[in-house]
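Colleague: Could you pick one part of this model and take me through it closely? I'd rather have one connected account than a list, with your cut-offs given as you go.

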Amino acid sequence: RDACRRCGTCFEHCRFDAVKKDGAVYGIDPLRCEGCGVCVALCPAKAIAFPEKECGEWYVSDTRFGPFVHAQLYPGQENSGRLVTLLKQQARELAKRQGLDLVICDGSPGVGGPVISSLSGASLAVAVVEPTPSGRHDFERVAALCDHFRIPVAVLINKADLNHEEVQAITRLADDKGYTVVGALPFDPAVTGAMIRRKALTETDSPLASTLSAIWGRIRELAYAPRKRG
């Protein structure tokens, strides 16, 4: 605060109302701050410290299905697009070193920064949709985001036997928008059973295993298909 000139630049430009003014004294509310750094960049007196903060750790693990690049955030910390970008960069470099031609990036719900980073540079987005009004609404949002970045969309309807009308609505929406419906999976306790045994569904004798394998084959075909330009 000794270096602060009381110019109010940080107060005027903070979009998150994280800069508080008490008379002529300015301060930062850490609970509202999103870490964008605008105040740091614009402060003429360089009065705002912006030290790096350790929010978690990232790892490279070996699994029976191949290498796995992932991260664990400390309690209370939020995911960010920068973290997803870091993991994708490490995954691409690892794939190049090992001669692998496919990187699968899991995306979080919503359309925020982590989701945008997950979709960046993707050849295909696979949207797993549940047949409910809220599920369809969330799908429409993320599909619009894919359209903006010109990323093809494949649709997998999960728990498809729970609401036939919503399945039809999602299918019509996909047809109208030019998305590919790669399959539908019914609700089945076998999925939870496989998770409890620490197995993938395709490692069990469930009838869904062959269905899911066929869906995966269709997804691979779409992922490797030449991209349309224009």
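Modeller: Let's start with R136, which is partly exposed at 24% relative accessible area; buried here means under 20%, exposed means over 50%, and partly exposed is what lies in between, using a 1.4 Å probe and protein chains only. Bear in mind that this is a predicted model, where local features need pLDDT of at least 70 and side-chain atom pairs count only at pLDDT 80 or more, while totals for chains, interfaces and linings use all residues. Residues are numbered from 1 along each chain as its sequence is written, and side-chain values use heavy atoms, with hydrogens and water left out.

So what does R136 pair with? The partner is E166: the two form a salt bridge, and their closest N and O atoms are 2.7 Å apart. That pair links distant parts of the chain, with R136 in helix 5 and E166 in helix 6, 30 residues apart. Helices (H or I, at least four residues) and strands (E, at least two) are DSSP runs numbered from the N terminus. For a salt bridge, a side-chain nitrogen of Lys or Arg has to be within 4 Å of a carboxyl oxygen of Asp or Glu. As background, side chains of opposite charge can pair when their charged atoms come close.

Is E166 buried or exposed? With a relative accessible area of 10%, E166 counts as buried. Set aside its neighbours within four places in sequence, and E166 is in contact with P131, T132, P133 and R136, contact meaning heavy atoms within 4.5 Å. Take T132 from that group: E166 and T132 are 34 residues apart in sequence, yet 6.0 Å apart in space, C-alpha to C-alpha.

A second salt bridge joins E130 to K159, with the closest N and O atoms 3.5 Å apart. It too links distant parts of the chain: E130 is in the loop between strand 5 (125-129) and helix 5 (133-148), K159 is in the loop between strand 6 (153-158) and helix 6 (164-177), and the two are 29 residues apart. Both ends are partly exposed, E130 at 34% relative accessibility and K159 at 27%.

Three strands form an open sheet in the order 5-6-7, with parallel pairing. Strand 5 and strand 7 (180-185) stand at the edges with a single partner strand each, so one side of each has no neighbour in the sheet. On average, neighbouring strands of this sheet are turned by 20° against each other, direction ignored; axes are lines fitted to C-alpha atoms, for helices over the stretch in contact, and angles run from 0 to 180 degrees between N-to-C directions.

Strand 5 pairs with strand 6 in the parallel sense over five bridges, and strands count as paired if DSSP finds at least two bridges between them. Here A127 stands opposite V155 in strand 6. On to strand 7: five bridges join it to strand 6, again running parallel, and A154 stands opposite T180 there. How many residues of strand 6 are buried? Five of its six, so strand 6 is mostly covered.

Now for the helices against this sheet. Helix 6, the one that holds E166, lies across strand 5, strand 6 and strand 7, and runs at about 175° to strand 6. Helix 8 lies across strand 5, strand 6 and strand 7 as well, running at about 165° to strand 7.

R218 is partly exposed, at 34% relative accessibility.
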